[in-house]
Structures are given as structure tokens and as C-alpha cells.
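Please examine the sequence and the model before reading on.

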Amino acid sequence: MSEVLLIVLCLAIGVLLRLSGRLPESATKVLGGWVINVALPAAALNSVQGVTLHPDWWLAAATPWLGVLVSIALLVPLCRWLGWSRQRTGAILLVAGWGNTSFVGLPMIAAFAGSQWLGLGIVIDLFGTYLAVSTLGLAVATVAISGRLDLAVVAKRIATFPPFYAVLIAFATNDLARPEWLAQLIETLANTLTPIALAAVGFALRLDRLAGRGGAVALGLFHRLIVAPALLILFYLALGQAGDPVAKVAMLEMAMPPMLGASIIAMDHDLEPDLVALLIGLGVPLSLLTAWGWWSVISVLG
């Protein structure tokens with residue numbers, strides 16, 4: 001579980017950098033810019049290479065999309081009823097709608113389900129979480145900013161979003177051999193994603209700003225860590241597939257904490273960055289407990 005320890009350490013480093021005053025207040029934007037324009041595209045190119053797809057994996061790969069659609073259906077009316085702003089609603093949707101199916105999810109799969117299922121975890125992350133945040137996630141952020149769905153604007157944002165066309169390139173070149181130097185270069189850039197993204201979140205994390213945001217934090221984390229996995233378990237139970245090992249991995253991935261990429265998108269669009277940082281900063285360590293609890297349930301389903 002060294003990856004999980006790395007996540008906690010990088011969050012702490014971001015906090016310490018802010019407290020030390022060694023970086024300017026704009027550091028979150030700069031670090032986030034690296035993540036969106038360099039690290040996320042490199043991660044897509046690195047992860048998809050050589051992945052083998054199985055026909056019975058497609059439903060599992062679609063579950064992050066289902067989770068996002070359910071989040072929109074449940075959270076948007078609730079946030080409106082609570083009288084919260086578009087910016088707060090967009091922040092909660094981006095953070096609570098997408099799970100960290102890669103840098104937390106993959107170590108969790110190895111620890112609970114076994115390393116033989118890591119290929120499935122990568123497929124869920126790329127075809128599900130990653131592709132959804134590169135398209136639907138940008139649409140959510142655009143509507144949260146402007147208050148209306150302008151398809152032309154959304155299409156332009158998607159078309160100019162580096163992670164999106166990195167996914168397309170990755171899929172198109174999946175079967176092509178890469179020179180060793182290129183593969184190493186892409187992997188090195190991809191490895192910067194977790195430390196820099198979490199440092200950006202840690203830099204923005206300010207527990208003293210929890211006042212006035214407690215309800216939003218509670219709602220976002222309750223949905224991400226409790227409601228979303230519970231609904232997917234019920235979905236697979238209704239299909240009679242809850243005992244399938246593929247379904248078990250998909251259900252475990254739905255129990256992951258907020259996605260770093262979605263959180264960086266929210267911060268980059270100025271969707272209440274303090275709230276986003278609180279949701280990530282509190283959600284990641286809390287998920288270590290809730291994910292274990294959910295796997296205790298998932299593992300006995302038959």
C-alpha cells in the first residue's frame with residue numbers, strides 16, 4: 001500500500017509548502033496546469049499501452065458513467081433545494097461524481113481482489129472514469145461557470161482539452177510498439193501526476209475554511225463514499241451478477257475517494273477551490289476505512 005502512503009505524504013507536502021510561504025498563492029493554478037496539460041495526457045498514453053480488453057468487461061467499464069449520471073440526477077436537485085450556488089454545485093458534482101479509480105483504486109484492487117485484476121481496473125479507469133471526466137466533466141464545469149449548456153462551447157473545450165485527445169491517441173496507437181526511450185519518457189511524465197496533483201490540493205487545503213462548508217463537505221463525501229457504491233451494489237444485485245468477480249472489482253472501484261483529475265478541473269475553473277480541497281483532503285484518508293468496509297460486504301456477495 002505504498003501508493004496510499006504516497007498520497008497522504010504528498011497532501012502533507014502541499015500543506016507544508018503553503019505554511020512555509022515558499023510558493024506564491026498562485027501555486028495551485030500552476031501545479032494544476034501541469035497536471036491537466038502534461039501529467040494527465042501522459043498517464044493516458046502510459047496506461048492504455050498493451051491493455052487487453054475482454055467482452056465481459058464493458059459493463060464494468062460503463063459503471064463510472066452510470067455513477068456520474070446518477071450523481072447529477074440526485075445532487076443537482078438537492079443542491080438547488082439547499083439554495084447553493086452553481087459554483088458549489090459544480091464543485092460537488094465533479095468531486096463526488098468521479099472516483100479515484102487509478103492511483104487509489106488500483107492499489108486497492110491489488111490489496112483486496114488480487115493483482116490479477118489490475119488490467120480490469122485500468123480499463124474501468126480509462127474507458128470509464130478518465131473518458132467521462134474528459135467529456136462530461138468538462139460539460140459540468142462549463143455549465144457551472146456560465147449557467148447554461150452551450151454545446152458549441154462544451155465541444156470546443158473538449159476538443160482543446162489535452163487529456164481528451166491523449167485518450168484518443170492512446171486508443172489509436174494501442175497496438176503499436178513504442179521505442180524504449182519514448183516509453184520511458186511518457187512513463188516519467190505520467191508519474192508526476194499523483195505527487196503534483198496532490199501537492200496542489202494540499203496547498204489549497206485549509207481546514208480553517210471548513211466553517212460554512214461543513215454541509216457541502218458532508219454531502220459530497222457521503223455521496224462519494226456511501227451512496228455511490230451502495231447504488232452500484234444494488235444495481236448488480238438486481239442484475240443477478242453481484243457474485244461475478246468482474247462485478248466485484250467494479251463495485252470496489254465505485255467506493256474510491258474523489259478523483260484527482262476531476263478536482264483539478266474544478267479548481268482550474270474556480271469552482272469553490274477551498275471546498276474541493278477539503279473534499280479531497282478529508283476524502284482520501286477517510287476512504288481507506290470505508291473502502292475496507294465496502295469490500296467486506298462485496299466479498300461475501302454471491
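## Salt bridges in the model

A salt bridge is a side-chain nitrogen of Lys or Arg within 4 Å of a carboxyl oxygen of Asp or Glu. The structure shown is a predicted model, and a search of the whole of it finds four salt bridges. Side chains of opposite charge can pair when their charged atoms come close.

Arg 213 forms a salt bridge with Asp 274, with 3.7 Å between the closest N and O atoms. Arg 213 lies in the loop between helix 10 and helix 11, whereas Asp 274 belongs to helix 14, so this pair ties together parts that are 61 residues apart in sequence.

Arg 213 also meets the side chain of Glu 272 in a salt bridge, at 3.0 Å from N to O. Because Glu 272 lies in the loop between helix 13 and helix 14, this second pair joins parts that are 59 residues apart in sequence. A network of salt bridges links Arg 88, Arg 213, Glu 272 and Asp 274.

Are these side chains buried or exposed? Arg 213 is buried, with a relative accessible area of 19%. Asp 274 counts as buried at 16%, and Glu 272 counts as buried at 15%.

## The pair Asp 270 and Lys 29

Asp 270 forms a salt bridge with Lys 29, and the closest N and O atoms are 3.5 Å apart. Asp 270 is in the loop between helix 13 and helix 14, and Lys 29 is in helix 2, so the pair ties together parts that are 241 residues apart in sequence.

Asp 270 counts as partly exposed, at 48% relative accessibility. Lys 29 likewise counts as partly exposed, at 39%.

Definitions and conventions
Residues numbered from 1 in each chain as written. Predicted model: local features only at pLDDT ≥ 70, side-chain atom pairs only at ≥ 80, totals over all residues. Heavy atoms only, no water. Helix = DSSP H or I, 4+ residues; strand = E, 2+ residues; numbered from the N terminus. Buried < 20%, exposed > 50% of the residue type's maximum accessible area, 1.4 Å probe, protein only.
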